[in-house]
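Student: I would like to go through this structure and ask, for each label, what value stands behind it.
Tutor: Go ahead, one label at a time.

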Amino acid sequence: APDIDVKAVKADLDQLQSIADANGGNRAHGKAGYKASVDFIKGKLDKAGFTTQIQEFDNNGAKGYNVIADWPGGDEGKTVMAGAHLDSVDAGPGINDDGSGSAGILEVALAVAKSGLKPAKHLRFAWFGDEEDGMVGSRAYVDKLGADKSKIDSYLNFDMIGSPNPGYFVYDDDSRLEKVFKDWFATKKIATEKETEGDGRSDHASFKDAGIPVGGLFSGADYIKTQQQAKNWGGEAGKAFDACYHQSCDTSKNLDEKALDINTDAIAHAIWQLSS
Ligand code: PHE
Ligand code: CA
Ligand code: ZN
Ligand code: ZN
Ligand code: ZN
């Protein structure tokens, strides 16, 4: 897999920050900043040659939107998916939560296009709406799949991958998918832990509940980093992984560039390996 340039990921996050700034400070479900985020992501994918769809749903009296992007080719009976949620909470711009995952999978998707990848399995990327009201967009997506559920080989979720005081957590829901990430981090000599803070708390739950194998990465939210974790990963013990979680200060400054870089490169590795 190619190395993903973290500068490109950060440039996308600057765009999402600008979108929030221009729309009352957030990118929340039902607000103008959400739709502007959808248009931004879709525009880049269309230009790169993806087949994109906007899937609409309703919640709390407002329309929500999922962006679904398919890379033409590969066995659609074995579809590998990567997803992130594109909405923020009302309180702020949601740059780590979950601009980071949204920009990370966007740059991996663009790298797939740039390299002209011809994977054996089909590749699909998804940006879900309204995760923050209870994974509403991803549930709508999985519900609509119906019998096509069996065609999803695996779903990888990336919700918060650039936390400013980062940890390196790997979802332990499926051992095959967990191993793809664990082995990659081992080659980089970076310690990982099993992800437990997020169980059932992001879009992978919608897929897992439907019996689809899920995996993913997470750099921590409002749990506190221990002494041992600070020894392994650096950063500050006794402080949250992301002290700005769900707050107005979750801005384009609320990131650890190294974590964002490593996690995005790990996504590329997993996509290349799992789709081959
Ligand atoms: N889903 C949570 C949110 O968006 C964040 C989270 C992700 C928490 C993964 C734990 C694990 O607020
Ligand atoms: Ca990189
Ligand atoms: Zn959140
Ligand atoms: Zn989130
Ligand atoms: Zn877990």
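Tutor: Start with lysine 189, which lies in the loop between H5 and strand S7 (193–195). Keep in mind that this is a predicted model.

Student: Why does lysine 189 count as exposed?

Tutor: Lysine 189 has 6 C-beta neighbours inside 10 Å. A residue is exposed if that number is 12 or fewer, so lysine 189 is put in the exposed class.

Student: What makes phenylalanine 185 partly exposed?

Tutor: Its count is 18 C-beta neighbours inside 10 Å. Buried needs 20 or more, and exposed needs 12 or fewer, so phenylalanine 185 is classed as partly exposed. Phenylalanine 185 belongs to helix H5 (residues 175–187).

Student: Which residues is phenylalanine 185 in contact with?

Tutor: Setting aside neighbours within four places in sequence, they are Tyr168, Ile190, Thr192 and Ala266. As for asparagine 263, 78 residues apart from phenylalanine 185 along the chain, the two C-alpha atoms are separated by 9.3 Å.

Student: Why does histidine 204 count as buried?

Tutor: Histidine 204 has 28 C-beta neighbours inside 10 Å, and 20 or more is the condition for buried. Therefore histidine 204 counts as buried. Histidine 204 is in helix H6 (residues 204–208) and touches Tyr155, Asn157, Tyr171, Val214 and Gly216, with residues up to four places away in sequence not counted.

Student: How do you know that the buried residues of H1 line one face of the helix?

Tutor: The buried residues are Val6, Val9, Lys10, Asp12, Leu13, Leu16, Gln17, Ile19 and Ala20. Viewed down the axis of H1, they fall within an arc of 165°, so they line one face. The face turned away from the buried side carries the exposed residues Lys7 and Ala11.

Student: What covers the buried residues of H1?

Tutor: The cover includes helix H2 (32–48), helix H3 (95–115) and helix H8 (257–275).

Student: How do you know that the span of H8 agrees with its number of residues?

Tutor: At 1.5 Å a residue, the 19 residues of H8 should span 27 Å, and the end C-alpha atoms are 27 Å apart, so the two values agree. For H1, residues 6–21, the reach from first C-alpha to last is 22 Å, close to the 22 Å expected for its 16 residues.

Student: Why is H8 called largely enclosed?

Tutor: Because 15 of the 19 residues of H8 are buried, H8 is largely enclosed by the rest of the structure. S5 is also largely enclosed, because six of its seven residues are buried.

Student: What makes S3 and S4 a pair?

Tutor: Two strands pair if there are at least two bridges between them. Strand S3 (residues 75–85) and strand S4 (residues 121–128) have eight, in the parallel sense, so they qualify as a pair. Aspartate 75 stands opposite lysine 121 in S4. Together with H3, S3 and S4 make a right-handed β-α-β unit.

Student: What kind of peptide bond joins aspartate 97 and aspartate 98?

Tutor: A cis peptide bond, with omega about -5°. Aspartate 98 lies in helix H3.

Student: Which residues touch the most other members of the largest nonpolar core?

Tutor: In that core of 77 residues, they are Val67, Ala82, Ile105, Val108, Ala109, Ile267 and Ile271. Isoleucine 105 touches Ala82, Ala84, Phe125, Phe158 and Ile267, leaving out residues up to four places away in sequence.

Key: Residues are numbered from 1 along each chain as its sequence is written. Chains are lettered from A and ligands numbered from 1 in the order in which they are written. This is a predicted model: local features need pLDDT of at least 70, side-chain atom pairs count only at pLDDT 80 or more; totals for chains, interfaces and linings use all residues. Helices (H or I, at least four residues) and strands (E, at least two) are DSSP runs, numbered from the N terminus. The expected span of a helix is 1.5 Å times one less than its number of residues. The arc is that of the directions from the helix axis to the C-beta atoms. Two residues are in contact if their C-beta atoms, placed from the backbone, lie within 7 Å. A nonpolar core is a set of buried Ala, Val, Leu, Ile, Met, Phe, Trp, Tyr and Cys residues joined through C-beta atoms within 7 Å. A crossover is right-handed if, with the strands pointing away from the viewer, the path from the first strand over the helix to the second runs clockwise.
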